[in-house]
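Hello,

I am passing this structure on to you, as promised.

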Amino acid sequence: MMEENNKIVTRVAGIVEMNDGFVFMHRKNVKRNKDYEEYYTFPGGHLEEGETLEEGVIREIKEEFGISVKVVRKLYELENNKLNMKEYFFLCEYINGEFGTGEGEEFSNNPEYKDSGEYIPEIVKRENISHLVLLPLEIKEKFVLDLKEGRI
């Protein structure tokens, strides 16, 4: 459930360039998403109490991928009035760490995540991104266009 007393839920996500590509979470065998059983997402999650947007995205990327990043700038915002959620997408720069060593809850074998499928950290070459099912689709469209036009 996304709503807490009609409070807007804030989600943050990072767009991280690494090794001639960008990092994404590949989701497979997902039972919770009625539209997609397999897709990619930008790394991120819900903002924790007291965190700034930038602190949240840095924490989420560390949890999911095991790497440290620096926030460069905000790229996109997305409002989902149905879910009472606002998402912020930040361009981030890789600093250090071993990619794929994340220890977030999604890797804990917690039964709460059993219908969420597999979480597979991947680096996707920039020329292959337009071929992915990358959610949210609205942000994928903007991101692919920015890549094509050299803004990222």
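This is a predicted model: local features need pLDDT of at least 70, side-chain atom pairs count only at pLDDT 80 or more; totals for chains, interfaces and linings use all residues.

Let me begin with the glutamate at position 51. Glu 51 sits in the loop that runs between strand 4 (44–46) and helix 1 (53–65). Its relative accessible area is 17%, and because buried means under 20%, Glu 51 counts as buried. Apart from neighbours within four places in sequence, Glu 51 is in contact with Gly 56 and Arg 59. There is also a polar atom of the Glu 51 side chain 2.8 Å from the backbone nitrogen of Glu 48.

Next come some backbone features. As background, most residues other than glycine have a negative phi, and most peptide bonds are trans.

Two asparagines have a positive phi. For Asn 19, phi is about 50°, and this residue is in the loop between strand 1 (9–18) and strand 2 (21–28). For Asn 84, phi is about 55°, and its place is the loop between strand 5 (67–80) and strand 6 (85–97).

Which of these asparagines is buried and which is exposed? Asn 19 is exposed, with a relative accessible area of 55%, whereas Asn 84 counts as buried at 16% relative accessibility.

Finally, have a look at the peptide bond between Leu 135 and Pro 136: it is cis, with omega about -5°. Pro 136 belongs to the loop between strand 8 (134–135) and helix 2 (137–148).

Enjoy exploring it, and write back any time.

Best wishes

Technical notes:
Residues are numbered from 1 along each chain as its sequence is written. Side-chain values use heavy atoms; hydrogens and water are left out. Helices (H or I, at least four residues) and strands (E, at least two) are DSSP runs, numbered from the N terminus. Buried means under 20% relative accessible area, exposed over 50%, partly exposed in between (1.4 Å probe, protein chains only). Contact means heavy atoms within 4.5 Å. A polar contact is a pair of N or O atoms within 3.5 Å; within protein, one must be able to donate a hydrogen and the other to accept it, and residues adjacent in sequence count only if both atoms are side-chain atoms.
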